[in-house]
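Me: I would like to learn how to read the features of a protein model, one at a time. Please give me the general idea, then the case at hand.

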Amino acid sequence: MVDTFDNTAGPLTTESGAPIANNNQSEAAGKGGPLLIQDQVLLEKLAHFNRERIPERVVHARGAGAYGKFTVTADVTKYTKAAFLSEIGKETETFLRFSTVAGNLGAADAVRDPRGWALKFYTEEGNYDLVGNNTPVFFIRDAIKFPDFIHTQKRDPYTGSQEADNVWDFWGLSPESTHQVTWLFGDRGIPASYRHMNGYGSHTFQWTNAEGEHFWVKYHFKTDQGIKNLTAEEADRLAGEDPDSHQRDLRESIEAGDYPTWTVQVQVMPAAEAANYRFNPFDLTKVWPHEDYPPIEIGKLELNRNPENIFAEVEQSIFSPAHFVPGIGPSPDKMLQGRLFGYGDAHRYRVGINADQLPVNRPHATEARNGNRDGYAYDGRHGGQKNYEPNSFGGPNETGEALWAPIEVNGPTGEWETPRHSEDDDFVQAGDLYRLMSEDEKERLVANLSGNIAGVSRDDIAERAIANFAKADEDFGKRLRAAVEALRK
Ligand code: HEM
């Protein structure tokens, strides 16, 4: 939503509003002569053009967004006091930005890559952002590894291309990635569109009820359009023929009134069960099997309005895992904890210190009230009001109520590994996922992986990567080794 004005009539003007006589010929010193510095129309236009781009997102640069609404369909007040979840039937405005991860701003949509799922709820207690993916798990479990991981997904400093060597070297040396990589190279690795995939909060989050009791939750958004995927061959063709396939599909379906919807579910774990659960519930490389914590349906998400201006509303949109509301908070997941810093910092660099106040980013159902002021592109919204607290002239007051319940900690500080629970290792859930697949799916998985691993230049790197899959499931490893060897002959 942007404040617009009528730009369809009246004289063409400069930025300062002066009428422009000629927008097609620049001013020259005599017929056929060089240009004049007094031609401010030309100079202003060229200078503005040079500054049209802001830095693209360091990851998830390529994306598309739409507005919509979230509707509560179940009573969850025994788990959380969040006001937007307080009664059945309650609606909250939302904005969702989908994305791919590794590609640059102009990259094709139909590629094998996780899809980002960044959802903003404009609640009456402030904006709540859930910045997830279409996958329930992730490649690594500690934020300190994220920049290294992303460097292997992006362009190599020497070749300028994505390199199989870097990708498989890192994954082979990071066995905790085996689960997510098995997922990514399986059938769901290339969704047919943004509408035909699920979304996940992925991390574990904390919900706190009005009595102060807390719970650990995971979010699932199940597509009502049905899951649809592309094979590697279909994707290769589509990426060439229609690089904007996902973006176009989303916009056109909303334009046609065919609004995509998702059924929203949560898995809820009582706080006391976390310590002895068979998997560490704060390890992002693991799911909570549904037989342990069955998903409970809590709402419906619908997308029903396209942005009017992609730059203003999508490129400048910002989402932060640190944007919580009362009753919802972080877990001690080391990835989530790192992200609580990473996003706000990226926004201040990429969009600027007043990014939170742009129309798409600011709270829509309440106001941001504090003493923060000024900086680049400050719009003066606070007028002459006092900019400090406490003050004797009236103004916003602190509430004394924490958004979330305290998290228990124990032991000395240290660079500790994420603790392992009774059934934790890096491979168990990757093996379970493989064994769940049909024979056809296993074949496609092995073909997708082997085609990729075969591009590695060193045998030791390929072998280390294959060994991780063999640890997940012996048959998986055997078939993959044979397929890679056949391709590398
Ligand atoms: C510690 C690990 C991570 C770090 C440091 C990190 C950092 C970042 C940064 C800096 C951006 C760009 C933000 C911007 O410029 O506006 C970004 C975007 C994004 N990240 Fe992460 N990320 C991490 C892990 C994850 C995980 C685990 C997920 C999903 C479960 C995820 C989902 C996303 C999404 C969906 C976006 C795009 C947001 C948008 O549409 O604007 N990231 N990430």
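**Reading the model**

Me: How many helices and strands does the protein chain have?
Reply: Helices (H or I, at least four residues) and strands (E, at least two) are DSSP runs, numbered from the N terminus. The protein chain has 12 helices and 10 strands. Keep the origin in mind: this is a predicted model, where local features need pLDDT of at least 70, side-chain atom pairs count only at pLDDT 80 or more, and totals for chains, interfaces and linings use all residues. Residue numbers start from 1 along each chain as its sequence is written.

Me: What radius of gyration does the protein chain have?
Reply: The radius is taken over C-alpha atoms, and the globule rule is 2.2 Å times the number of residues to the power 0.38. For 489 residues, a compact globule would come near 23 Å; the protein chain has 25 Å, which agrees. Along the principal axes, its C-alpha atoms fill a box of roughly 80 × 65 × 50 Å.

Me: How is the protein chain divided into domains?
Reply: Domain bounds come from an automatic or database domain assignment. Here there are domain 1 (9-52), domain 2 (63-139 + 189-357) and domain 3 (428-488). The C-alpha centres of domain 1 and domain 3 lie 61 Å apart.

Me: What does the UniProt annotation cover?
Reply: UniProt positions follow the numbering used here, feature names are shortened, and annotations may be inferred rather than shown by experiment. The unreviewed entry carries "domain: Catalase core" over residues 13-397. That span is 21% helix and 19% strand, and its end C-alpha atoms lie 45 Å apart.

Me: Which residues are closest to the ligand?
Reply: A residue is near a molecule if its C-beta atom, placed from the backbone, lies within 6 Å of it. The ligand is surrounded by 28 residues, and the closest are H60, G116, A118, A143 and S202. Two or more residues of the shell come from each of strand 2 (91-100), strand 3 (115-123), strand 4 (126-133) and helix 8 (334-350). Helix 8 gives the most, with 8 residues.

Me: How does the shell around the ligand split by class?
Reply: Ala, Val, Leu, Ile, Met, Phe, Trp, Tyr, Cys and Pro count as nonpolar; Asp, Glu, Lys and Arg count as charged; the others, Gly among them, count as polar. The shell has 13 nonpolar, 11 polar and 4 charged residues.

Me: Is H60 buried or exposed?
Reply: Count the other C-beta atoms within 10 Å, with C-beta placed from the backbone: 20 or more is buried, 12 or fewer is exposed, and in between is partly exposed. H60 has 22 such neighbours, so it counts as buried. H60 sits in the loop between helix 1 and strand 1. Its phi is positive, about 60°, although H60 is not a glycine. Across the protein chain, buried residues make up 37% of the 489 residues.

Me: Where does D374 lie, and is it buried or exposed?
Reply: D374 lies in the loop between helix 8 and helix 9. It has 10 C-beta neighbours inside 10 Å, so D374 counts as exposed. D374 also has a positive phi, about 65°, although it is not a glycine.

Me: Which residues does a cis peptide bond join?
Reply: Look at omega. The bond between E389 and P390 is cis, with omega about 0°. P390 lies in the loop between helix 8 and helix 9.

Me: Which residues is L119 in contact with, leaving aside neighbours within four places in sequence?
Reply: Two residues are in contact if their C-beta atoms, placed from the backbone, lie within 7 Å. L119, in strand 3, contacts T94, L96 and L130 once those neighbours are set aside. With 24 C-beta neighbours inside 10 Å, L119 counts as buried. For the protein chain, 74% of the contacts with a separation of 6 or more are between residues 24 or more positions apart.

Me: What about I54: where does it lie?
Reply: I54 lies in the loop between helix 1 (40-50) and strand 1 (63-72). It is partly exposed, with 14 other C-beta atoms within 10 Å. Beyond four places in sequence, I54 contacts E315, R350 and V351.
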